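Please read the points below with the structure open beside them.

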Amino acid sequence: MLIVVARYVVAAGHEATVARLLWANAQASRVEPGCLEFSVYRDIDDPGAFLLYERYTGEAAFQAHRRTPHFLDIIERRVAPLLDVRAWTRVTPLDGGG
């Protein structure tokens, strides 16, 4: 399993637009083969900051997600230009062996 945690901070004035687009992307992503979970959260203290929590069956499913038409259109073309910060990390569950 692969988990992706992304943090987006939106340029002032674009919060509502990005929130709507992130919701649309999440809905489309949830039905992808290999996507186990796709959740979007908004920071309580900073409404322009969002956290995306994504779980995939593995790296191949994540890379397939990044090639989908909805990701390329919504995230790369429409959301990314409205962000001040775009950071993400990929992690795997600790199996107890260190």
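1. Ser39 sits in strand E2, which covers residues 35-42. This is a predicted model, and the points that follow should be read with that in mind.

2. Is Ser39 buried or exposed? Its relative accessible area is 14%, and because buried means under 20%, Ser39 counts as buried.

3. Leaving aside residues up to four places away in sequence, Ser39 touches Arg30, Leu51, Leu52 and Tyr53. The side chain of Ser39 also makes a polar contact of 3.1 Å with the side chain of Glu37.

4. Glu37 has a further partner: Arg55 forms a salt bridge with Glu37, with the closest N and O atoms 3.0 Å apart. Arg55 lies in strand E3 (residues 49-56) and Glu37 in strand E2, so the pair ties together parts 18 residues apart in sequence. Arg55 is partly exposed at 23%, and Glu37 is partly exposed at 24%.

5. How many salt bridges does a search of the whole structure find? The count is 5. One of them joins the side chains of Glu59 and Arg90, at 3.2 Å from N to O. Glu59 belongs to helix H2 (residues 59-66) and Arg90 to strand E4 (residues 83-91), so this pair ties together parts 31 residues apart in sequence. Both are partly exposed, Glu59 at 32% and Arg90 at 41%.

6. Arg86 and Glu76 meet through their side chains in a salt bridge of 3.0 Å, N to O. The pair links strand E4, where Arg86 lies, to helix H3 (residues 69-79), which holds Glu76; the two residues are 10 apart.

Notes
Residues are numbered from 1 along each chain as its sequence is written. This is a predicted model: local features need pLDDT of at least 70, side-chain atom pairs count only at pLDDT 80 or more; totals for chains, interfaces and linings use all residues. Side-chain values use heavy atoms; hydrogens and water are left out. Helices (H or I, at least four residues) and strands (E, at least two) are DSSP runs, numbered from the N terminus. Buried means under 20% relative accessible area, exposed over 50%, partly exposed in between (1.4 Å probe, protein chains only). A polar contact is a pair of N or O atoms within 3.5 Å; within protein, one must be able to donate a hydrogen and the other to accept it, and residues adjacent in sequence count only if both atoms are side-chain atoms. Contact means heavy atoms within 4.5 Å. A salt bridge is a side-chain nitrogen of Lys or Arg within 4 Å of a carboxyl oxygen of Asp or Glu.
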